[in-house]
Amino acid sequence: MTERIIRIGGASGAWGDSPRGIGQLLGTQVDYLMMDYLAEVTMSLLARARMKDPEAGFPPDFISFLKPHLRTLSERGIKVVTNAGGVNPAACKRALEAACQELGLQFKIAVVTGDDLMPKLEELCAEDVREWNTGEPLPANMLTANAYLGALPIAAALDRGADVVITGRCVDSALALGVLMHEFAWKPDDYDRLAAGSLVGHILECGPQSTGGLFTDWERVPDWHNIGYPIAECRADGSFVLTKPPGTGGLVEAACVAEQVLYEIGDPRAYILPDVVADFSRLSLSQQSPDRVLVEGATGRGPTTEYKVSATYQDGYRAVALVAIIGHDALRKAERTAQALIDRSTMIFEELKLPGFTRVHTEVLGGEASYLTDSRARNSREVVLRLVVDHENAKALNLFAREVGFTGLAFAPGTAAMIGGRPKPSPVVRLFTFLVDKQRLNPLQLQIGSEEPMKVDVPAGIAYVAPPAPASQDEEVGETQDLTVKVPLRKLAHARSGDKGNISNIAVFCRRPEFRDHLAAHLTPKRVAEHFAGTVKGRVTRYEAPGLSAFNFVMEDALGGGGMASMRIDPLGKAFGQRLLEMEISVPAEWVQRHRV
């Protein structure tokens, strides 16, 4: 008897992803489409949309992208699971029902609710809820507050025959886990399989990032223009093969998949999710054939008693000015232009009795601003000044924007263009993360079509015990006569970086298992902290994933606030992995020939 395989296609990696993934996946064999839309920033944007229109609050792309394919989905019985409900899942359901009715199609559409904590803000404030990193109290001007729900309501909806399941805020990985719990009848306490199913969702959630997108060895990735979206071929034991549609671009290799495995997580031994605490540290990734990687070896422990809550609030306004400057000493001209604009605006504010800027940040693009004092581009002849200013009052930023046009008349020669026109004030949105007891949200609600809503109870969880903290790793091996050659880390490893709020992680993967011990001795948290001096303000911790011959560096206070709160050109730390790969590592001379480093 042939082993049963469930094929899940990752059709959307974020709000803003291309619609082409849907048609591409429907051109091959899939049973489900998983469509991820949400990030912390996305929730606040959707909340503002809902304030203007009570029927808004979900990514409209979901409806417009899916609508042309609804007939195909219906004819082939392919189901869809998505978190496109955003902050208004019920309205998203109504919009999709209207699209189906327009085409004369019948779909059983389910909606999961219960993640929204905004109605409970008063009692949370009374309980003195604190931000889990900074200890700050809950702000008064909240935009959103949503708990990251798990897979049980999704599985329950599919058990009841739903064709489409729409959730609000849930962990991205739960979209796939809910499918697999339904298809293979996995129980809520089958933790190893729940960890494996969560890994399926984690690898699919960013779309083509697992099929060659953002891969360190980008030159080996063919046909970016037609990159394939990922498909997970899943088995009941939790193992799965990652692949992509035939004839598409991209690349599915163990190294590509490994980069996605550790993307945006902390300790690989303890990835805390609502349904399970997953351990990805001893995974096995093996190349089965071209563009087919077998993934197995995830394990899990019981889930915690709490949900993570991602809340956002408004903290004043921001304007960003972009000015192109060309010619000799362009970088110094840009720096002086920025200071002159700040001084001029301050002078005007004082005349009008307005307070000053709350924050100011200057970057000169083309001058390697991200590298701070390590810039090698001081003599650049063509730059873009990026001046970011925050103020509590949008009116003050309109005054600043008016003066930006003055730069082309009064400041540096070679001031060529104000890119994007006069800057416009926009709200500054900051992230506020806290924990809430799961029982506080029990039971969650599930509604399918016009049926009466049903209740979904979630297990209470167990007290969390973290794995032992890594031992001190800063005793670097000294130089010896054998270590006579210095090579950039990229010759020994590949890497990917990501973010969680103001924390960045860089996962570093040894190109050969025999490099691991050497890098363990020389790629220490202390060296990484020194490499990012001035950029990373907090602690650097190194975790290990032996199964992947990998190290995961978690860097705190690393992103200038992170997300929309950050004023940097790289607010999500996307380039941190590339920057770390520039670090020089001493290696034995004989490695040059033997390992071609």
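## A walk through a predicted structure

Helix H10, which spans residues 254-261, is mostly covered, since 7 of its 8 residues are buried; here buried means under 20% relative accessible area, exposed means over 50%, and partly exposed lies in between, with a 1.4 Å probe and protein chains only. The buried residues of H10 are Ala255, Cys256, Val257, Ala258, Glu259, Gln260 and Val261. Contact means heavy atoms within 4.5 Å, and the helices (H or I, at least four residues) and strands (E, at least two) are DSSP runs numbered from the N terminus.

This is a predicted model, in which local features need pLDDT of at least 70 and side-chain atom pairs count only at pLDDT 80 or more, while totals for chains, interfaces and linings use all residues. Residues are numbered from 1 along each chain as its sequence is written, and side-chain values use heavy atoms, with hydrogens and water left out.

Seen as a whole, the protein contains 17 helices and 26 strands. Its radius of gyration is 25 Å, close to the 25 Å that the globule rule gives for 597 residues, so the protein is as compact as a globular protein of that length; the radius is taken over C-alpha atoms, and the rule is 2.2 Å times the number of residues to the power 0.38. Taken along the principal axes, the C-alpha atoms fill a box of roughly 75 × 65 × 50 Å. Buried residues make up 55% of the 597 residues, and among contacts between residues at least 6 apart in sequence, 74% join residues at least 24 apart. The accessible surface, computed by the Shrake-Rupley method with a 1.4 Å probe, comes to about 25300 Å², of which 50% belongs to carbon and sulfur atoms.

In soluble globular proteins, nonpolar side chains tend to be buried together. A nonpolar core is here a set of buried Ala, Val, Leu, Ile, Met, Phe, Trp, Tyr and Cys residues joined through side-chain atoms within 4.5 Å. The largest such core has 82 residues, and of these Ile8 and Leu548 touch the most other members. Helix H8 (residues 174-184) gives the most to this core, with 8 residues. A second, separate core of 34 residues includes Ile22, Phe62, Val80 and Ala91. Returning to Ile8, and leaving aside residues up to four places away in sequence, one finds that Ile8 touches Tyr32, Met34, Ala176, Val179, Leu180, Val200, Leu204, Pro230, Ile231, Ala232 and Cys234.

Some details of the backbone also deserve attention. A cis peptide bond, with omega of about -10°, joins Asn442 and Pro443, and Pro443 lies in the loop between strand E18 (426-437) and strand E19 (444-448). Asp128 is not a glycine, yet it has a positive phi of about 60°; Asp128 sits in the loop between helix H6 (121-126) and strand E5 (142-147), and it is partly exposed, with a relative accessible area of 43%. Ala185, also not a glycine, has a positive phi of about 55°, and its place is in the loop between H8 and H9.

Towards the end of the chain, Val485 belongs to strand E21 (residues 483-488) and is partly exposed, with a relative accessible area of 22%. His595 lies in the segment after helix H17 (591-594) and is buried, with a relative accessible area of 8%. Under the same exclusion of sequence neighbours up to four places away, His595 touches Arg512, Glu514 and Phe515, while the C-alpha atoms of His595 and Leu492, 103 residues apart along the chain, are separated by 9.2 Å.

Glu544, finally, has its place in strand E24 (residues 540-545) and is partly exposed, with a relative accessible area of 26%. Glu544 touches Pro268, Ser281, Arg516, Ala550 and Phe551, again not counting residues up to four places away in sequence. The C-alpha atoms of Glu544 and Leu46, which are 498 residues apart along the chain, are separated by 37 Å.
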